[in-house]
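The sequence and structure are shown below.

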Amino acid sequence: MLKIKDLNVSYGQHQVLEKIGLSAVKGEFIGIIGPNGSGKTTLLKTITNVLKPTSGTIMIDGTNIEKMKSNEIAKNVAVVSQVVSINFEFTVKDIVLMGRNPYIKSSESVEDINIANDMMKKTNIHFLKKRLITRLSGGELQRVIIARALTQTPKILLLDEPTSHLDITNQIEILNLVKKASTKGMVVIAVMHDLNLAAYYCNKICLLRDGCLISTGTPRQVLTPSNIEVAFNLPIEVMHNNRTNSLYVMPILEPLNEI
Ligand SMILES: Nc1ncnc2c1ncn2[C@@H]1O[C@H](COP(=O)(O)OP(=O)(O)OP(=O)(O)O)[C@@H](O)[C@H]1O
Ligand SMILES: [Mg+2]
C-alpha cells in the first residue's frame, strides 16, 4: 500500500533524512521511534507531501504522491500532528466533521454525519460535541484531532506522538481503537516515544537516528540493548512479558545518591 524508496529530505542546506526506505502493507501498525530531532516528524510530513523530498519516491497503491491532487492524498492519508493549534471558534462537531471534507461536494450527507458521530463516540468526546475547540484541555483536543483523522476514513493513518497529552486510560483506549482499525486493514504509522507501548502495539518498528534508519523489523529485532544504546545513548534492559507476549524496556538507572 505504501512504498518509500531512497528518500532524502533537506531543510535548505541541512539534510534531515537520508536514504529512507520503508514499505507498509494493509493492516500493519508501524512505530517510528528515535531521539528528539532524528527526523520522525519530517518523515511524516514528507509522506503527506507537505514537504517535498530532494530525491526519492513515495508511492501509495502504486501511484507517486507527487502526481496526486491534495484531495486524493487526503482520501488516502490522514494525519494527527504533533502540534495542533486551532484559534477559530469552531465546535468539536465542526472540527470532526471536517474529516469528511475530501468527500463532500456541496453539503455533508447523513452518512458523513453518522461517521463523525461514530468516531466521536469511539474516542470518548461525544459529550464535548457542542463545546468550542478553543476551550478544551490538551487531552480533549488531542482526542478531537484523532476523531477527525478517523472520520477521514483513510487507508493510511499517520500519528505524531498521538498520546502525548493523554492520561494512561485514554492512551490505552486510543491505541486500542487505532489497533482495531489496523486489524481491519488500515495502515497505521505512529511516532512513539514510549518504547513499551511501541513494543506492545507495533508489528514493525523503525528506529531513526540522525535522519538514518538504523534498524527496521519486529519489536524483538529492533528493541535490543545495543540498538537503543546506539540511538539514545542509554543502557537498557529488555524483559519479556509472558501475559501479553510483548517486550518490556527498562532504562538501567543509577541509585539516586550516585547521580
Ligand atoms: N522547518 C524547519 N526548518 C529547518 N529545520 C528544521 C525544521 N523542522 C525541523 N527541523 C530540523 O530537522 C531535524 C529533524 O526534525 P524533526 O521535527 O523531524 O525531528 P523529530 O524526530 O520529530 O523530533 P521530536 O522527537 O523532537 O519531535 C531537527 O534537527 C530539526 O531541528
Ligand atoms: Mg517530532
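Helices (H or I, at least four residues) and strands (E, at least two) are DSSP runs, numbered from the N terminus. By that assignment, helix H1 gives the most to the shell around ligand 1, with three residues. The model is predicted, so local features need pLDDT of at least 70 and side-chain atom pairs count only at pLDDT 80 or more, whereas totals for chains, interfaces and linings use all residues. Residues are numbered from 1 along each chain as its sequence is written, chains are lettered from A and ligands numbered from 1 in the order in which they are written, and side-chain values use heavy atoms, with hydrogens and water left out.

Ligand 1 is surrounded by 14 residues, the closest being Gly-37, Lys-40, Thr-41, Thr-42 and Gln-82; a residue is near a molecule or strand if one of its heavy atoms lies within 4 Å of it. The shell divides into three nonpolar, nine polar and two charged residues. In this classification Ala, Val, Leu, Ile, Met, Phe, Trp, Tyr, Cys and Pro count as nonpolar, Asp, Glu, Lys and Arg as charged, and the others, Gly among them, as polar.

Polar contacts are pairs of N or O atoms within 3.5 Å; within protein, one must be able to donate a hydrogen and the other to accept it, and residues adjacent in sequence count only if both atoms are side-chain atoms.

| Residue | Protein atom | Distance to an oxygen atom of ligand 1 |
|---|---|---|
| Asn-36 | polar side-chain atom | 3.0 Å |
| Gly-39 | polar backbone atom | 3.0 Å |
| Thr-41 | N or O atom in the side chain | 2.8 Å |

Taken alone, ligand 1 exposes 640 Å², of which the protein buries 62%. Accessible areas come from the Shrake-Rupley method with a 1.4 Å probe, and for residues only the protein chains shown count as cover. Strand S2 (14-24) and H1 are the elements that give two or more residues to the shell around ligand 1.

Thr-41 lies in helix H1 (residues 40-47) and Gln-82 in the loop between strand S6 (77-80) and helix H3 (92-97), so the pair ties together parts that are 41 residues apart in sequence. Thr-41 is partly exposed, with a relative accessible area of 23%, and Gln-82 is partly exposed at 35%. Buried means under 20% relative accessible area, exposed over 50%, and partly exposed in between (1.4 Å probe, protein chains only).

## The sheet

An open sheet is formed by four strands in the order S2-S1-S4-S5, with antiparallel pairing. S2 and strand S5 (63-64) stand at the edges, each with a single partner strand, so one side of each is left without a neighbour in the sheet. Two strands pair if DSSP finds at least two bridges between them.

Strand S1 (residues 2-11) and S2 pair over seven bridges, and Lys-3 stands opposite Ser-23 in S2. These two strands form a hairpin with two residues between them, and Gly-12 in the turn has a positive phi of about 60°. Five bridges join S1 to strand S4 (residues 55-60); Leu-2 stands opposite Ile-60, and the bridge partner of Lys-5 is Thr-57. S4 and S5 are joined by two bridges, with Met-59 opposite Asn-64. Their hairpin also has two residues between the strands, and there Asp-61 takes a positive phi near 45°.

## Individual residues

Most residues other than glycine have a negative phi. Lys-19 has a positive phi near 50°; Lys-19 is found in strand S2 and counts as exposed at 59% relative accessibility. Asp-210 has a positive phi near 45°. Asp-210 is placed in the loop between strand S9 (204-209) and strand S10 (212-217), and counts as exposed at 61% relative accessibility.

Is Ser-182 buried or exposed? At 1% relative accessibility, Ser-182 counts as buried. Ser-182 lies in helix H6 (residues 168-183), and a polar atom of the Ser-182 side chain lies 2.8 Å from the backbone oxygen of Lys-179.
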